[in-house]
Amino acid sequence: EVFADGSITSAGDGIELGGGTVSFTGTIDSSQSSGIYVQGVGEVFAAGDITAAQQGISLGAGSVEFSGTINSEFSDGIYVAGVGQVTGAGSISAAGDGIEIGSGTVEFNGDITSGFSNGIYIVGDGQVQGAGSITASQHGIQLASGSVLYSGTVISYFADGIHIDGEGQVFVTGLVQGGGDGIELGSAFVSVDGDVTAQFGNGVLVNGAGIVAVSGNIQAPQAGIQLAGDGIVDFEGSIEAGIVGIEGGSGSQQVMVDGTINAPIAVRLGDDGDTLYVARESRISGEIRMDGGDDTVQIGGGAVIVDTIYGGETGETLGDLLLIGDGQICSEDLEAVASARAIADIDPNANVISFQGQVYPWAEFERIASGSYFNPCVGSINDGRVNRNDLGAPNALYCIVGGGVSVWEIDLNGQGSFSFAVTQQQFEAALAQAASSGANTLVASDNFGNSFHALSDGQTIAFIAPDLREPGKNYEFTFGRSFCAASA
């Protein structure tokens, strides 16, 4: 064990031991080796300034708690060869990785600069959480698999801003800029509240199945958002893309656009039957190509579609459906009701319609209908949510394709944002566990405090959320196991 403070200057390691604990306050300057080097398992508590030719802090395995500055001339700022935990605040400047660990967690609030490698690199499975600025030659943040929760700026000059090789979750608030892709991961979940810029690749690239929720601006020379497998894209903001605004690969995708897209092809989806919803007042410049399968496109009132909407002509059973308009029309407004119902009488081969001041050209659709619905303007919110009668609910719950429920958080101004989704398979597994154990079982939760629970009767799901208007109180909504089991 080493407990020291003051100033250490050395040609070799500033502090070296086989294993154990190092607690140091002060400055270390190693002209040829590492600042602090623990060969085996250890703990390092350091506060101050470390300057080293090699690693600033190096461990075989263990934990590092650091505050201050680290400057590594030729290697990594903090390096943990095995399983590790790094917690810190301050600044790291390194020629190699700013922080590298074999697997484990990194929680760092501060600035990291890597001259020739990654900002934060976890070789195996891990979690990264932090706030600040990361600037790197290679990936800003790289993991084999795991999760990233980051608030700040991530910049990579020659690779991806955030890169997860396998399955992962990314929650980002701020700016992500990549020399390759802005954000790339194998599969799972991406949530971005901010701007994403890619210099040579895609804005957001998910190589498998997943959910992508973006609120912000995306600029990319290839695709703005690309989802290769089954999943959901919920986009709000603007996309400027060189090839495709939003692209879906094999599998079935649900895409929701609220904002603007400017690309040669605005939306291009796969061959397994997809859904596209363009929200009211959105502006889409570029072709929409739904490709094969039975597809559905819905255009919200006032949305601008500059180019042609193509339904696709292969792999169809029922044919492609184009829905014009959205939202509730008051049953009392007879003129509006008649206008909406008249859409169903349009010949699909007409290939153009004028609606609410906009002209929509289409091709390759077999069915045309109104996307609006008619209800008295009292008593409920009829936009498809399953908790429609709970007018003051802080959340809107929707059945999703394939079974399951998606959750939208609603603020006090009535504005909604996607939070998370739970599949029917997750519900079924939790219900089986609850029935077997005789105890209520948590299914899933989010950062807003919302949660689903499988009740001990093995048949009931309870959704619980904090009440927005009365702190300390909760909103609850329950439903049976088969309530959202079928495709919505």
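A polar contact is a pair of N or O atoms within 3.5 Å; within protein, one of the two must be able to donate a hydrogen and the other to accept it, and residues adjacent in sequence count only if both atoms are side-chain atoms. Keep that in mind for the first close-up, and remember throughout that this is a predicted model.

**View 1. Asp326 reaches two partners from a loop.**
Look for Asp326 in the loop between strand E23 (321-324) and strand E24 (328-330). Its side chain joins that of Arg280 in a polar contact of 2.7 Å, and that of Tyr277 in another polar contact, of 2.4 Å. Is Asp326 buried or exposed? Asp326 counts as buried, because its relative accessibility is 9% and the cut-off for buried is under 20%. Leaving out residues up to four places away in sequence, Asp326 also touches Gln298, Ile299, Gly300, Gly301, Gly371 and Ser372, as well as Tyr277 and Arg280.

Strand E17 covers residues 253-268, and Val267 is part of it. Which residues does Val267 contact, apart from its neighbours within four places in sequence? They are Ile246, Ile261, Leu276, Glu287, Ile288 and Arg289. For a sense of scale, zoom out to Glu1: the C-alpha atoms of Val267 and Glu1 are 60 Å apart, and the two residues are separated by 266 residues along the chain.

**View 2. Glu287 and Arg289 pair up beside Val267.**
Two of the residues in contact with Val267 are Glu287 and Arg289, and their side chains meet in a salt bridge, 2.8 Å from N to O. Why can such pairs form? Side chains of opposite charge can pair when their charged atoms come close. Glu287 is partly exposed at 23% relative accessibility, and Arg289 is partly exposed too, with a relative accessible area of 27%. A search of the whole structure turns up five salt bridges.

**View 3. Asp383 and Arg385 form another salt bridge.**
Here the side chains of Asp383 and Arg385 meet, with an N to O distance of 2.9 Å. Asp383 counts as partly exposed, at 33% relative accessibility. Arg385, on the other hand, counts as buried at 11%.

Follow the strands in the order E32-E33-E34-E35: they form an open sheet, and the pairing is antiparallel. Strand E32 (441-445) and strand E35 (474-480) stand at the edges, each with a single partner strand, so one side of each has no neighbour in the sheet. From one strand to the next, the twist averages 25°. Seven bridges join E35 to strand E34 (residues 460-466); in one of the pairings between them, Ala462 has Thr478 of E35 as its bridge partner. Helix H2 (residues 424-437) packs on this sheet and touches E32, strand E33 (451-454), E34 and E35. The direction of H2 makes about 155° with that of E32.

**View 4. Glu428 and Arg481 link helix H2 to the segment after E35.**
How far apart are the closest N and O atoms in the salt bridge between Glu428 and Arg481? They are 2.3 Å apart. Glu428 lies in helix H2 and Arg481 in the segment after E35, so this pair ties together parts that are 53 residues apart in sequence. Both ends are partly exposed: Glu428 at 30% relative accessibility, and Arg481 with a relative accessible area of 27%.

Note on methods:
Residues numbered from 1 in each chain as written. Predicted model: local features only at pLDDT ≥ 70, side-chain atom pairs only at ≥ 80, totals over all residues. Heavy atoms only, no water. Helix = DSSP H or I, 4+ residues; strand = E, 2+ residues; numbered from the N terminus. Contact = heavy atoms within 4.5 Å. Pairing = 2+ DSSP bridges. Axes fitted to C-alpha atoms, helices over the stretch in contact; angles between N-to-C directions. Salt bridge = Lys/Arg side-chain N within 4 Å of Asp/Glu carboxyl O. Buried < 20%, exposed > 50% of the residue type's maximum accessible area, 1.4 Å probe, protein only.
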